Amino acid sequence: MTTTALVTKPQAGDDLSIWPGSTTRLPHGGLSVGGVDLSAIAERFGTPTYVLDQGEVRERCRMYRHAFPDAEVLYAAKAFLSCAMVRWIEEEGLGLDVCSAGELELAVTAGFPSERIVLHGNAKSPHDLETALRLGVGRIVIDSPSEIARLAAAVGPEGHQKVMIRVVPGVAAGGHAKIRTGTDDQKFGLSLTDGQAHHAIARVLGQPQLELTGLHCHLGSQITTVKPYVVALRRMVGLMARIRDTHGVVLAELDMGGGHGIAYRPGEPALSLTALARRLRAELDESCAAAGLAVPRFIVEPGRAVAGPAGVALYRVLAVKHTGDQTFVAVDGGMSDNPRPALYGVRYAPRLIGRHSVAATRTATVVGRHCEAGDILAADAELPGDIRPGDLLAVPVAGAYQLSMASGYNLVGRPPVVAVHDGHARLLVRRETLDDFRARDVGL
């Protein structure tokens, strides 16, 4: 599939600022991403469909490699994972951060080197740990005291496994209470303030088959300022200095996680990658020098910031309803393929594509097809006043934490993923069908 029509590049600062860099305008109100007309993708693959710009993914990987040239950059697989995504990440020189045996198995079977994979999670199952050890995962992040004994037993007296310890640094950051993980009032990690982290470190150092390579922390998601990372880094370096003084061990790695915020609507704040890299590099050097520590290998874990802006979701309008002063635009997807608005109140900026409208815009609520009042995809969306059934809507910044969190609610089936690059579109993940649901149901 190719696009040959005359196109014009979006101007800096206009309403396409949050779209993939390859986005171009087409005549009659259309948009092209990766050289492919989005309307043509909807016709070929149906709707809902997720479009992923391969060039945007790769470019964002390179941005991280450039910003953190001396660090290890791990892509957070939970944002979105597929065999193609695994290949792109590996080819761009990033490592991988997974949190289940499923993510790990998919990555390794797709050809990703297991030694460049880190496994974490607050409640790893025996299957998760067995799979990690069998496949030779690079590092396992210990999240709770009980995990230490279980992992040591699984490794065995003659075995060896590199581990890190997830520390809660007591820093509140993140775009919503449900995605803040740097404080003591949530399920992740071992507290710095009540001594849990210190106790876990001593226990790990007492297990000869476990090699403690460093510390890990993750403050949350959708963080748009640098200061929380700086504060957390200082506390982590302080802990590394105490480990040296108490145990005579100098840790070689410091993983500061991810959570780098992106804009979902024009004008929203986003974390400056350049500022983050510059401040953390300076703070790491200064803090280590003050503590008399060798500078550890630095690790970051972007997920959303790599995949999110590379994705576009396509929906077909099924109904338009005017209720009092409100306009509801119902589409053929919803919370089964994107639960984030229902979970976190996330706001998107959908756009009419495929035809040019001269009607004045009006505020509408884009809703899904599911039997929930909270099935809202975009509140306060500015759409043409003549929006009608059959129209196409495109939602940018749809590459992360949408399809990866999708469900089988109402047996609608999860949408496909289509990659675009250099004027061509190809299917990465097929649409889930009724046959898939039937195959799992063995009740008769």
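Predicted model: local features only at pLDDT ≥ 70, side-chain atom pairs only at ≥ 80, totals over all residues.
The chain has an average pLDDT of 91, and 93% of the residues score at least 70.

Next I went to helix H4, residues 101–109. Which of its residues are buried? I found Ala 101, Glu 103, Leu 104 and Ala 107. They span an arc of only 160 degrees around the axis, so they sit on the same side of H4. I noted what these buried residues pack against: helices H3 (83–91) and H5 (126–135), plus strands S6 (95–98) and S7 (117–119).

At the start, a side-chain oxygen of Ser 100 comes to within 3.3 Å of the backbone nitrogen of Gly 102. Just after the helix, Gly 111 has a positive phi of about 105 degrees.

Then the nonpolar cores. The largest one has 128 residues, and the members touching the most others are Leu 38, Phe 68, Tyr 75, Met 85, Leu 96, Ile 165 and Leu 215. Helix H8 (residues 227–247) gives this core its largest share, ten residues. Apart from it I found another core of five residues, including Leu 74, Val 118, Met 164 and Ile 299.

Last, I picked Leu 215 and listed its contacts, skipping neighbours within four places in sequence. Among them are Met 164, Ile 165, Ile 201, Met 236, Leu 239, Met 240 and Ile 243, as well as Glu 253 and Asp 255.

Key
Residues numbered from 1 in each chain as written. Heavy atoms only, no water. pLDDT = per-residue confidence, 0-100. Buried < 20%, exposed > 50% of the residue type's maximum accessible area, 1.4 Å probe, protein only. Helix = DSSP H or I, 4+ residues; strand = E, 2+ residues; numbered from the N terminus. Arc of directions from axis to C-beta. Contact = heavy atoms within 4.5 Å. Polar contact = N/O pair within 3.5 Å; in protein donor to acceptor, adjacent residues only side chain to side chain. Core = buried A, V, L, I, M, F, W, Y, C linked by side-chain atoms within 4.5 Å.
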